[in-house]
Amino acid sequence: MSCYSSSLFLNNILSPSTHLHRSFKNGRLGIRITACLNMEVQSPNLESSKLSKEVIKESNKVFVGTYARASLVLSSGKGCKLYDVEGQEYLDLTSGIAVNALGHADPDWIKAVTQQANILTHVSNIYYSLPQLELAKRLVASSFADRVFLSNSGTEANEAAIKFARKFQIFSHPDEQQPPVEFIAFSNCFHGRTMGAVALTSKEHYRSPFEPVMPGVNFLEYGNIQAATELIQSGKIAAVFVEPIQGEGGIYSATKEFLQALRTACDNAGSLLVFDEVQCGLGRTGHLWAHEAYGIYPDIMTLAKPLAGGLPIGAVLVTERVAAAINYGDHGSTFAGGPLVCNAAVAVLDKISEPAFLASVTKKGQYFRELLVTKLKGNSHVREVRGVGLIIGIDLDVPASPLLDACQQSGLLVLTAGKGNVVRLVPPLTITEQELDRAAEILFNCLPVLDKTNKN
């Protein structure tokens, strides 16, 4: 058994398998953590029920206030279950915002990480490394793409796609003083929070505090074929960014006609079509890539969330035509594509890309949607249950936050989306039908809280 121990203050995240020892230093509560990477994860048995409040209080003293966190301190996880520092169990239908596709403490993932950690963790992109090559080969072999650029997150992947699109247009129009440099994005879209990606994100409150953001972004109605076609035909558009299924925006799926119209218009005008599959890609829909269900393929695809099973990674997949425009020094990253992260990603990709695994996602997704429709259809606040595979939204006519709070108190973790009125369900892809039954039952039992909140 490989173990390590360290003394950490409360602003550190507790690892999935930990022994905790409380201590004080300079008047501040600290935790001594002893973690065993190969041990079985068990629910923590802690002395004090006050620990969560102490962690939250200390965290609020040292972190920048960028997150509206739930009042919950998580300390361990196994499969689709999470445990807080008091030992309370939760069924996790958030999977770290669609990140932990294999659940928590997956044995194949742990093996890939621990073995690679004992060999080589980081070398930078000055050198070649085997895990990076193995991951890139798998991504190319399983997709439309010819080449890969690795990054550390979804927003970084979209930043790279922005740069690649601009560079492609300059490369393709060498004699023009003003090649196409503008972009199209769509209503309810989300592409990230860094300056380029946030400029492509439709919600104004994400952009307005940081203006001026990158100019040249045109927002159109998601699904409006005529408006998109006309603007692409203007010759000003470097690339069109679109999510085949919008996650943050409220779980809206594109139609095949819409994506085909974008593909045709981009081909005719010389614009690039970029599919953002950061949340909907890598098996979540029951297809390895969400766009496969449509039979329509992009020039660039961005990936991130589930790819390394919880470690930070992003990827930009491109055709040879796009890659030909990119030269040494046009983009780069210190940490991206490190051996440790890539070895984890290889394990995740190998597991998810198995046909039987993808078929199980499709089956469980259909089962869960039908179950939710059956159980929730009689509630006046439920307008629609929508989604595909295991990315599902429950559209409400009132804010969803009271329902989230009630679910948490009942041992179920879910997310919001859209304008705060959509319950977003993105569980680990390994979730069982029995666990889905339990989740649906908790959601059903908690729905009355919406009536109480609405009356108040």
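Axes are lines fitted to C-alpha atoms, for helices over the stretch in contact, and angles between N-to-C directions run from 0 to 180 degrees. Helices (H or I, at least four residues) and strands (E, at least two) are DSSP runs, numbered from the N terminus. The model described here is predicted, so local features need pLDDT of at least 70 and side-chain atom pairs count only at pLDDT 80 or more, while totals for chains, interfaces and linings use all residues. Residues are numbered from 1 along each chain as its sequence is written, and side-chain values use heavy atoms, with hydrogens and water left out.

Two packed helices are described by the angle between their axes and the distance between the axes. Helix H3 (residues 107-117) packs with helix H11 (residues 339-352) at an angle of about 155 degrees, and their axes lie 8 Å apart. H3 is therefore roughly antiparallel to H11 (angles under 35 degrees count as roughly parallel, over 145 as roughly antiparallel, 65 to 115 as roughly perpendicular and the rest as oblique). The crossing of H3 and H11 is right-handed; a crossing has this hand if the near helix is turned clockwise from the far one by less than a right angle, and is left-handed if the turn is anticlockwise. Contact means heavy atoms within 4.5 Å. On the H3 side, the residues that meet H11 are Asp 108, Trp 109, Ala 112, Val 113, Gln 116 and Ala 117. Their counterparts in H11 are Pro 339, Leu 340, Asn 343, Ala 344, Ala 347, Val 348 and Lys 351. The residues of this contact divide into 9 nonpolar, 2 polar and 2 charged (Ala, Val, Leu, Ile, Met, Phe, Trp, Tyr, Cys and Pro count as nonpolar, Asp, Glu, Lys and Arg as charged, and the others, Gly among them, as polar).

The loop between helix H2 (95-98) and H3 holds Ala 105. Phi of Ala 105 is near 60 degrees, a positive value in a residue other than glycine. Ala 105 is buried, with a relative accessible area of 13% (buried means under 20% relative accessible area, exposed over 50%, partly exposed in between, with a 1.4 Å probe and protein chains only).

Strands of a sheet pair through backbone hydrogen bonds, either parallel or antiparallel. Two strands pair if DSSP finds at least two bridges between them. An open sheet of 7 strands shows mixed pairing and the order E7-E15-E14-E13-E10-E8-E9. Its edge strands, each of which pairs on one side only, are strand E7 (147-151) and E9. Neighbouring strands of this sheet are turned against each other by 20 degrees on average, direction ignored.

E7 pairs with E15 in the antiparallel sense over 5 bridges, and Gly 314 in E15 is the bridge partner of Ser 151. E14 and E15 also run antiparallel, joined by 4 bridges; here Leu 303 stands opposite Ala 315 in E15. E13 and E14, by contrast, pair in the parallel sense over 3 bridges, with Val 274 opposite Ile 300 in E14. Strand E15 (residues 314-318) is mostly covered, as 5 of its 5 residues are buried. Gly 314, Val 316 and Val 318 lie on one side of E15, and Ala 315 and Leu 317 on the other.

Leu 282, in the loop between strand E13 (272-276) and strand E14 (300-303), has a phi near 60 degrees, a positive value in a residue other than glycine. Leu 282 is buried, with a relative accessible area of 3%. Pro 212 lies in the loop between helix H7 (204-207) and strand E9 (217-220). A cis peptide bond joins Glu 211 to Pro 212, with omega about 5 degrees.

A second open sheet has 4 strands in the order E4-E5-E6-E18, again with mixed pairing. Strand E4 (74-78) and strand E18 (412-413) are its edge strands, each pairing on one side only. Strand E5 (residues 81-84) and strand E6 (residues 89-92) run antiparallel and are joined by 3 bridges. Helix H14 (residues 433-446) packs on this sheet and touches E5, E6 and E18, its direction making about 100 degrees with that of E6. Within the sheet, Tyr 83 stands opposite Glu 89 in E6.

Gln 408 is found in helix H13 (residues 401-409). At 18% relative accessibility, Gln 408 counts as buried. Residues up to four places away in sequence not counted, Gln 408 touches Ala 70, Ser 71, Leu 72, Tyr 90 and Leu 413.
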